[in-house]
Every structure is written in C-alpha cells, then in structure tokens.
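Open the model in your viewer and keep the selection panel at hand. The stops below say what to select next and what is there.

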Amino acid sequence: MQSSAYGASLAGGAFDFVNFAKQPQTILRCLSWVFSIVVFATITAEGYVNPAKQEDTKCMFNSNDSACSYGVGIGVLAFLACVVFLILDAYFPQISNAKERKCIVMGDLVFSGAWAFLWFICFCVLANQWSKTLETTAIADAARAVVAFSFFSIVTWGLLFYFALRRYREGVSDFDQEYRDPANDHGTPYPPAPYAGSGGPTGYQQSPFSSTQEQPGEYQPPAY
C-alpha cells in the first residue's frame, strides 16, 4: 500500500499541470492574487487626490493616509504570498519528506488565517473611512472597487484557510492510521513467547560437557 501524507503520495511524482490547475487551492490563490492587485494598484494609481485649496495629495478615504497605506501593504504582501504558495503547491507532490510537507501546510494554514483576518480589518477600516468622506464624486468608482475587492479577499483567504486546515488534518490522520507503536499494538499476529504464562522453562537439559567436567576420571596412558 502506497503511503501518503497531507493530501499527496509520499513517493513523489511528476508535475501534472491539468490536475494542478483544477485544484481548489490553485483557483483560490489565483483569485486572491488578482484581488490583491486590484486593491493596491487602485490605491496607488487613484487613491491619492488633491483636496480643494490644498497642494499635498491626500488619501481618498477621508484623507486618512494610514488607511491607504494599510491597504497597499496588505495587498502587496498578499500578492507576494500568493506567488510563493503557488510555487510551493506546484512543487508539493514531488516532496517525499513528510516533515517538509508539514512545515508547508502549517505555514499555509497560519498565513491564510492571518491574512483573512487582516483583510477583514482592511475592509472595515476602508468602508468606515469611505462613509465619512465628503467629496466622493470623482473617486467613487475607485474607492468602491477597493472596498469590494477587500471583502472578496476575506472570502478567498478564508477558504484557503479552510482547505489548509483540512489538508493538515488529513496529514495527521494518515500518520495515525499508518503508524502503530509495536509496544501498544496488541493485534500483531505473532506467536506468543514459548514461556508465556510460566516462570521459566518446564524442563532442564544437562550440558553435554557437565559429566566430563564433574568426573574427569583417571589418566589413561596411550597404548603403543
């Protein structure tokens, strides 16, 4: 029986692009990648405007530069993370070391959960600041796009967290089913010990040299 760990065979295998492209994690990572581009690119290109009677540009979200900086930072890091995890997902079936797979899955689990939470904060902050913005005529479409795709990112990263958690649980259960401690395995079909249930051997066999050693006898000269 071929052993497996964390959703793939431990024996490794060649890269299958069709199978890789059909995986839910691949689709979600591509969507998250696109959503992150929309967020940080829109803020960078159209997120800073010149308010009336002011020379310096301000963030379109209630002139709160921290809100724009937060959205750009989260978006850029999400963009880079999607690229890294896509490469790891493509290389994952070729990794035969279960410990390395566990590290990748745990990293995916922690990062996906953290970024789903950070996108939630980003959505709340941007939506709140946008509701307080007074001049919204020229920047309404860009601001709404940023808020909407921030919300979409919560969904995609939340689903990535779910799939990473399921893959981690599958990996743990595979090890539990395939590995048994011989000391605790009472169903092993080996015969019992020859002296099981008794204090020792039932009979005693005398050593073949004991009589010679105990009664050496007299010396007999050789006959010529």
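Select Trp-33, Val-34, Val-83 and Ile-87 and show their surface: in this predicted model they make a nonpolar surface patch of about 330 Å². Colour the chain by element, and H2 and H3 come up as the elements that give two or more residues to the patch. Val-83 has its place in helix H3. Is Val-83 buried or partly exposed? Its relative accessibility is 34%, so Val-83 counts as partly exposed.

Next, go to the charged side chains.

Which parts of the chain does the pair of Arg-29 and Asp-108 tie together? Arg-29 lies in helix H2 and Asp-108 in helix H4 (residues 98-131), so the parts joined are 79 residues apart in sequence. With a relative accessibility of 1%, Arg-29 counts as buried; Asp-108, at 2%, counts as buried too.

The side chains of Arg-167 and Asp-89 meet in a salt bridge, at 3.8 Å from N to O. Because Arg-167 lies in helix H5 (residues 140-178) and Asp-89 in helix H3, the pair ties together parts that are 78 residues apart in sequence. Arg-167 has 12% relative accessibility and so counts as buried, and Asp-89 is buried with a relative accessible area of 6%. Now display Arg-29, Asp-89, Asp-108 and Arg-167 together: salt bridges that share partners join these residues into one network.

Hide the side chains and show H3 and H4 as cartoons. How do H3 and H4 pack, at what angle and with their axes how far apart? The angle is about 155°, and the axes are 10 Å apart. An angle over 145 degrees counts as roughly antiparallel, which makes H3 roughly antiparallel to H4. The crossing in which H3 passes H4 is left-handed.

Move to the loop between strand S4 (58-59) and H3, where Asn-62 is found. Asn-62 is not a glycine, yet its phi is positive, at about 60°. Most residues other than glycine have a negative phi. At 31% relative accessibility, Asn-62 counts as partly exposed. Select Ser-63 as well: its place is also in the loop between S4 and H3. Ser-63 has a positive phi of about 55°, again without being a glycine. Its relative accessible area is 41%, so Ser-63 is partly exposed.

Finally, zoom out to the whole chain. Six helices and four strands are present. Along the sequence they follow the pattern β-β-α-α-β-β-α-α-α-α. Colour by accessibility to end the tour: of the 224 residues in the chain, 30% are buried.

Methods: Residues numbered from 1 in each chain as written. Predicted model: local features only at pLDDT ≥ 70, side-chain atom pairs only at ≥ 80, totals over all residues. Heavy atoms only, no water. Buried < 20%, exposed > 50% of the residue type's maximum accessible area, 1.4 Å probe, protein only. Salt bridge = Lys/Arg side-chain N within 4 Å of Asp/Glu carboxyl O. Patch = residues over 30% accessible without salt bridge, like charges linked within 9 Å, V, L, I, M, F, W, Y side chains within 5 Å. Areas by Shrake-Rupley, 256 points an atom, 1.4 Å probe, with all protein chains shown as cover. Axes fitted to C-alpha atoms, helices over the stretch in contact; angles between N-to-C directions. Parallel < 35°, antiparallel > 145°, perpendicular 65-115°, else oblique. Left-handed = near helix turned anticlockwise from the far one by under 90°.
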